[in-house]
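Visitor: I have a structure to look through with you. Can we start with the charged contacts and then move on?

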Amino acid sequence: MAQKPSIPKGTRDFSPSEMAKRNYIFDTIKGVFKLFGFQQIETPAMENLSTLMGKYGEEGDKLLFKILNSGDYLSNINPVEINQSNSSKLTSKISEKGLRYDLTVPFARYVVQYQNDIVFPFKRYQIQPVWRADRPQKGRYREFYQCDVDVIGSDSLMNEVELIQIVDQVYQKLGIKVVVKINNRKILAGIAETIGEAERIVDITVAIDKLDKIGLEKVNEELLQNGIPVDAVNQLQPILQLSGNNDEKLMQIENVIANSSIGMKGISEMRYVLGILKALSLETEIELDLTLARGLNYYTGAIFEVKSKEVQIGSITGGGRYDDLTGIFGLQGVSGVGISFGADRIYDVMSQLNLFPEDATTTTQLLFVNFGEKEQLYCLPILSQLRSAGISCEMYPDADKIKKQMNYANRKGVKYVAIIGENEMNNGKVTIKNMETGEQKMVNSNGLNSLFN
RNA sequence: GUGGAUGUAGCUCAGGGGUUAGAGCAUCGGAUUGUGGUUCCGAGGGUCGUGGGUUCAAUUCCCAUCUUCCACCCCA
């Protein structure tokens, strides 16, 4: 009892049926990425801590999983230091590696490291797990997958457009109705500048990001609590209460921040992107949302977030432009833009809405009942023939009771069972049973393939 | 880091200071040795999270601790 096996907090095992569905999501996403000319890379699960530390803010450093050095990691440590219980100082001496926290920073490291081999603009995708020592809760895990697509080494806003086209296609293929929310950090900076609080942009955006979650009053409360002057908060009100379609919102905000050059830059970027998207007439609704801020502070231009229209679960995809992510690793002046699909949340949305196609989860199409040695040998060539025709089939390995074998087929979700005993062998026939309808018929063994087309 | 719940069979959960702790599902066997998913009968499976305390007696009451879950902060 007490020593029942278990897995670490916030991690999950995936059963065969869960994996089938997860792979359906990954394959769909991957397929779209490839269609747009993106190339896959992978990076190690662990990175040097020096690569990871300080990239995600103070909070992020705490959420990094750190890996103890191999060997006698205490051998070079002065016992006095251990007794000082200064854990952050001690950590740097006993741990030099950590698990990756996202895919973007390792990607930046990769780009810098291989800058001479990479053909820019570099369009890469990466689908791998990341780890965060967060406290787990609903829809939130310590190990989860990200599916990142980024274009690095191009300032063109066509990249922003392309990423939204990708979002449009992926969710169309998966059958999830979504809305893409889009904003621009430059506009947010312009707002902060206009109300005279340019340095407080982070506090301001974090607060207004919560608008649709906690409401206007609470947002104002939080702003005041964070020391934003009443005047500034008052000036913010018309911005928080913008209404109308995207064009109308842009015009209103333009009037407010007309004196901020960075803000106006953001407006023109936004107008350009929205203009092209309009011309493309995508299926997906694009909504300019000036309250969208997103936490990661390396974003400098467009920011996106995708939400399901039918399931309340937070964002299922997010991203934006970062002008200088590689700068911290010594490569200046390289701009990138990217988005990340949250596979785990997409899974939750699709299960709730029952969107997984039935054939995404079927494995064996035909199971051969095993009657004994003679029958086994008779069946093997038939199995080979089916497999070379691309039909997945298997023979039950033991000559157990039919009841047990049928039960196996049933539990495994196998749709057809082939029964070959003495009767069938003598006549070159196969009895095929449909496990869903219970219907059963005898056919010629060499005509089997045609049943599965 | 803060707050709230939780822990009894492989799983989901009931129960109760006093002989031998229950149910459903799952597993195995039988009814049925060429037919599953339905039905009926039977069997196996538990140190009641861990440590301590109160008591003649604790799985039950009390305290601590750990686990898992939920919310906040933050995030995908």
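Visitor: How many salt bridges does the structure hold?
Guide: There are 20 salt bridges. Keep in mind that this is a predicted model.

Visitor: Take Arg-124 and Asp-150: what is the N to O distance in their salt bridge?
Guide: It is 2.4 Å. The pair links distant parts of the chain, with Arg-124 in strand β5 and Asp-150 in strand β6, 26 residues apart.

Visitor: Are those two buried or exposed?
Guide: Arg-124 and Asp-150 are both buried.

Visitor: And Lys-278 with Asp-247, which elements do they lie in?
Guide: Their side chains meet in a salt bridge at 3.0 Å, N to O. Lys-278 is in helix α14 and Asp-247 in helix α13, so the bridge ties together parts 31 residues apart in sequence. Lys-278 counts as exposed, at 60% relative accessibility, while Asp-247 is partly exposed, at 38%.

Visitor: Changing topic. Which residues have the most contacts inside the largest nonpolar core?
Guide: Ile-253, Phe-341 and Ile-346, in a core of 86 residues. Helix α7 (residues 158-174) gives the most to this core, with eight residues.

Visitor: What does Ile-346 touch?
Guide: Leaving out residues up to four places away in sequence, its contacts include Ile-25, Tyr-171, Ile-316 and Phe-341. Apart from that core lies another, of 17 residues, with Leu-386 and Ile-420 among them.

Visitor: Last one: how is chain A divided into domains?
Guide: The domain assignment gives domain 1 (16-353) and domain 2 (362-452). Their centres, taken over C-alpha atoms, are 51 Å apart.

Key
Residues numbered from 1 in each chain as written. Chains lettered and ligands numbered in written order. Predicted model: local features only at pLDDT ≥ 70, side-chain atom pairs only at ≥ 80, totals over all residues. Heavy atoms only, no water. Domains from an automatic or database assignment. Core = buried A, V, L, I, M, F, W, Y, C linked by side-chain atoms within 4.5 Å. Buried < 20%, exposed > 50% of the residue type's maximum accessible area, 1.4 Å probe, protein only. Helix = DSSP H or I, 4+ residues; strand = E, 2+ residues; numbered from the N terminus. Contact = heavy atoms within 4.5 Å. Salt bridge = Lys/Arg side-chain N within 4 Å of Asp/Glu carboxyl O.
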